[in-house]
Amino acid sequence: MAENTQGSGLENPKKSLILNAFVEMCSGHQSPGLWRHPEDESHRFNDVDHWIELAQLLESAKFHGIFIADVLGGYDVYKGPRNLDPAVISGAQWPVNEPLAVVPAMAAATKNIGFGVTVTTTYEQPYHLARRLSTVDHLTKGRLGWNVVTGYLDSAARNMGQAEQPHHDDRYAVAEEYVKVAYKLWESSWRQDAVVLDRERGVYTEPDRVRQINHSGKYFNVPGPHLLQPSPQRTPVILQAGTSKAGKTFAAQHAEAIFVAGHSPSVVAKNVAEIRQLAQSEFGRDPQSIKFLALLCPVLGRTEEEAREKFAYYRSLGSIDGALALFGGWTGIDLDKYGDDEELRHVESNAIRSAVEGWSKASPEVPKWTKKTVGQHITVGGLGATPVGTPQQVADNMEKWVKEADVDGFNLAYAIKPGSFKDIIDLLIPELRKRGLFWDDYAVQKGTYRENLTSRPGQSGPPADHPAAKYRWHAGVDAADHPVPEN
């Protein structure tokens, strides 16, 4: 959908926002302990009907996608070392299921909504993952996105046979080669018209339209060919969330949508601007084609008082230990070593001080930041922003994010599931539509995730300025005229 405008002429163009639901196959996700809420159903994450109902609910409201986070280990830093008890007791992303498995069930019950799934590049071979993602892209009729992550938990590394996580920049070097192997398998291994199903000749696939990729690199050796014929998108929508220096470079080259988190627009605005500039100057990409989605956990009420009462109740149910377990996993910092009343503004850790400084600007009403107040802050919405108020107030907040941080939409987390999403659908989305900030329907009916994310009919594959595009072996092109690109 094109940008909306209000008033006469083309003044004050407004973005039509992208809205994804942010979930994980666990209880609580970004709001540890809120499974205790009498209306929360996130504890049903083992039930396929729960996910089908959620997908149908979100599609009825025209959400662009469901983004499913994932981890491969437990949060064992807080009260550590290697102490899982706070996470286990509170249900802080524990237990957590493998996300890709549930996507075909949700897709079978829907027609338009997309599915972004987190899978790391650190612990499995690209040949294997490329096959799994192609399979699900087929089964969903092209509605799959891949959130490319390199991992962040040492507990995951230990369970994958390593003593600890590889060095941060080394993980990104592996990821860089990994995605290029995947592009070769998805885009260059099969010509688009390789499968002919010629019953008269008895030829299912033309053998000269399938080839090895013969990748030989620093980290991977993959002769190929890919096991699957081209799926509707071939390359799933590439999603990413890293904002370190290496993460920004990776995102600027490969990401089609990027998830950012912070308690205020000013925290993320610089990262958004830097990645857009880098994408254009270093990789020749249209900087506006990269969609930035901010983490937001709105708490809505028909009145401000109702919203604040709801928020207070959520906070009363949240698990401080669970929140600090998540914080420990996200940052590597064990806040248990600090006293209950110790002011965290003055500790020796630069990371803690900078985090507290950011929170204090976003929440000036908090008089003293201790590990308890940090935990309380995280219990509803994690490290993202948690606007509390009426639909008008929350919509104002979202417009502020767009104006000040240049984001294109939001990853909407929940306090309770599906209650938070029902509030968004019943209260917030009508207000967004009234302001011309959200579409009335999908841009492409039964389209691919990429088509509806970009609002471009026919854009099922990566755009021409995306690095994956150069790998594509088009129908009718001889292999000699389009060899597999080296890089």
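How many cavities of 30 Å³ or more does the structure hold? I found one, taking a cavity as a set of points on a 1 Å grid over the protein atoms alone where a 1.4 Å probe fits but cannot get out.

I noted that this is a predicted model, in which local features need pLDDT of at least 70 and side-chain atom pairs count only at pLDDT 80 or more, while totals for chains, interfaces and linings use all residues. Residues are numbered from 1 along each chain as its sequence is written, and side-chain values use heavy atoms, with hydrogens and water left out.

Among the residues that line the largest cavity are Trp 186, Trp 190, His 226 and Arg 234, where lining means having an atom within 4 Å of a point.

Next I turned to the second largest pocket (an open set with protein on both sides within 12 Å along at least five of seven lines), which holds about 670 Å³ of space. The second largest pocket is lined by 25 residues, and Ala 362, Ser 363, Glu 365, Thr 386 and Pro 387 lie nearest its centre. The largest share of this lining, five residues, comes from H13, a helix being a DSSP run of H or I with at least four residues.

Finally I followed H13 itself, where the buried residues (under 20% relative accessible area, 1.4 Å probe, protein chains only) include Val 394, Met 398 and Trp 401. Seen down the axis of H13, its buried residues fall within an arc of 125 degrees, so they line one face of the helix; the arc is taken from the directions from the helix axis to the C-beta atoms.

How values were computed:
Points joined across faces, edges and corners; volume = space filled by probe spheres on them. Helix = DSSP H or I, 4+ residues; strand = E, 2+ residues; numbered from the N terminus. Buried < 20%, exposed > 50% of the residue type's maximum accessible area, 1.4 Å probe, protein only.
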